[in-house]
Amino acid sequence: MKKIMLSVLGLALAAGAAQAQATKPAPNTTAPTQAPAQTEQGTGLNHVGASIPVAAYYEGGQEAMYAFIAQELKYPLLAKRNRMQGRCIVSFTLNPDGTMQGIKLVKQVGGGTGEEALRVVRLLKFKKPEYPILTSLPIDFKLGVTGSNALTN
């Protein structure tokens with residue numbers, strides 16, 4: 001009787017292992033594609049393949065939006081003197097009429113970077129989405145590698 005029970009148990013375990021093998025996903029044979037790095041010297045976007053959904057509502061898309069931000073952004077003098085670098089995050093709601101409301105600073109580096117990020121985000125003009133979109137926009141402050149200590153404004 002014990003032998004029969006053990007054989008039935010062994011068959012059940014073998015069947016379970018076979019079923020687990022059958023449902024195991026096939027290994028990924030394709031190499032993942034990597035997006036090219038998008039790096040801007042100074043200020044602006046410094047993400048690798050990052051996509052900002054609200055940028056679809058900016059005329060020209062994400063690249064045009066960050067080109068505008070890089071053009072308008074002025075590195076705060078205090079942050080530059082103290083060599084402060086990093087990412088500020090601004091949150092806002094894009095309304096169906098294309099206006100923004102509830103613009104607030106979620107993260108800042110200090111030295112006036114947060115205030116500057118808020119100022120530049122308020123200058124952005126978006127197309128009208130079909131529904132309100134709550135979003136956040138990262139803005140990087142990065143000092144260029146120039147090798148000089150000159151503080152130009």
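**Close-up 1. Asp 140 in strand β4.** Asp 140 is found in strand β4 of this chain. The model shown here is predicted. Strand β4 spans residues 133-141. Asp 140 has a relative accessible area of 7%. That is under 20%, so Asp 140 counts as buried. Its side chain is joined to that of Arg 87 by a polar contact of 2.7 Å.

**Close-up 2. The salt bridge between Asp 140 and Arg 87.** Side chains of opposite charge can pair when their charged atoms come close. Here the side chains of Asp 140 and Arg 87 meet in a salt bridge, at 2.7 Å from N to O. The pair links distant parts of the chain. Asp 140 belongs to strand β4, while Arg 87 belongs to strand β2, residues 86-94. The two partners are 53 residues apart. How accessible is Arg 87, buried or partly exposed? Arg 87 has a relative accessible area of 28% and is partly exposed. Asp 140, by contrast, is buried at 7%.

Close-up 3. Glu 116 is buried, with a relative accessible area of 10%. Arg 119 is partly exposed, at 32% relative accessibility.

**Close-up 4. Helix α2 from end to end.** Helix α2 runs through residues 61-72 and has 12 residues. How far does α2 reach from its first C-alpha to its last? The span is 17 Å. This is close to the 16 Å expected at 1.5 Å a residue.

Close-up 5. Which residues of α2 are buried? They are Gly 61, Gln 62, Met 65, Tyr 66 and Ile 69. The face turned away from the buried side carries the exposed residues Glu 63 and Gln 71.

Methods: Residues are numbered from 1 along each chain as its sequence is written. This is a predicted model: local features need pLDDT of at least 70, side-chain atom pairs count only at pLDDT 80 or more; totals for chains, interfaces and linings use all residues. Side-chain values use heavy atoms; hydrogens and water are left out. A salt bridge is a side-chain nitrogen of Lys or Arg within 4 Å of a carboxyl oxygen of Asp or Glu. Helices (H or I, at least four residues) and strands (E, at least two) are DSSP runs, numbered from the N terminus. Buried means under 20% relative accessible area, exposed over 50%, partly exposed in between (1.4 Å probe, protein chains only). The expected span of a helix is 1.5 Å times one less than its number of residues. A polar contact is a pair of N or O atoms within 3.5 Å; within protein, one must be able to donate a hydrogen and the other to accept it, and residues adjacent in sequence count only if both atoms are side-chain atoms.
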